[in-house]
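Student: I would like to take a close look at one part of this structure, and I would be glad of an answer that goes on to the parts around it.

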Amino acid sequence: MGMMEIANELVAGCREGRAKENLGRLYAADAVSVEAVDMGQGRETHGLDGIRAKHEWWEGAMEMLESEVTGPMWHGDDRFAVIFRSKVKETETGKVSDMEEVGIYTVADGKIVREEFFYTYSEV
């Protein structure tokens, strides 16, 4: 897959609830995921299994109330960005927050090899 095809499929998958399903298709086995802050599991996750575990954790810890995905936005021939806006409720506390996140994705050899997230959130 080319970078634009990967980027478009990642966005479509996020919009259609297929983000986890797309991990094996779009990500390299040794991909790296980097969060803005340590949410209790370290900032960096290495490998597809670790990235899958992050998705599982998120789905268990948060209920998605609203979601909007904008992009992809191209940067050269190896990177793209996606903007995620959402309202989430923490499963444990019931606290509702608005979140805005920018994901920067790096592609090599037809797979996503790195993702980095920048975000803000505020309680509603």
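Student: In which helix do Arg52 and Asp49 both lie, and how many residues apart are they?

Tutor: Both Arg52 and Asp49 belong to helix H3 (residues 48–61), where they are 3 residues apart, about one turn of the helix; helices here are DSSP runs of H or I with at least four residues, strands are runs of E with at least two, and both are numbered from the N terminus. Please bear in mind that this is a predicted model, in which local features need pLDDT of at least 70 and side-chain atom pairs count only at pLDDT 80 or more, whereas totals for chains, interfaces and linings use all residues. Residues are numbered from 1 along each chain as its sequence is written, and side-chain values rest on heavy atoms, without hydrogens or water.

The two residues meet in a salt bridge, with their closest N and O atoms 3.5 Å apart; the term stands for a side-chain nitrogen of Lys or Arg within 4 Å of a carboxyl oxygen of Asp or Glu. Asp49 is exposed, at a relative accessible area of 62%, while Arg52 is partly exposed at 34%; buried means under 20%, exposed over 50%, and partly exposed in between, for a 1.4 Å probe with protein chains only.

Lys54 and Glu35 are joined through their side chains at 2.7 Å, N to O. Since Glu35 sits in the loop between S1 and S2 and Lys54 in helix H3, this pair ties together parts that are 19 residues apart in sequence. Both partners are buried, Glu35 at 15% relative accessibility and Lys54 at 14%. The loop between strand S1 (27–34) and strand S2 (44–46) also holds Val37, which is partly exposed with a relative accessible area of 40%.

Another bridge connects Glu59 with Lys20, the closest N and O atoms lying 3.1 Å apart. Here distant parts of the chain are linked, as Glu59 is in helix H3 and Lys20 is in helix H2, 39 residues apart. Glu59 counts as partly exposed at 45%, and so does Lys20 at 31%. In total, the structure holds 12 salt bridges, and a network of them links Glu9, Glu16, Arg18 and Arg25.

Helix H2 (residues 19–26) leads on to Asn22, which is buried at 2% relative accessibility. If neighbours within four places in sequence are left aside, Asn22 is in contact with Glu9, Leu10, Gly13 and Tyr27, where contact means heavy atoms within 4.5 Å.

S5 in turn pairs with S6 in the antiparallel sense over 12 bridges, and Ser97 stands opposite Glu123 in S6. S5 and S6 form a hairpin with 2 residues between them, and Asp109 in the turn has a positive phi of about 50°. Asp109 is exposed, with a relative accessible area of 83%.

Notes
Two strands pair if DSSP finds at least two bridges between them.
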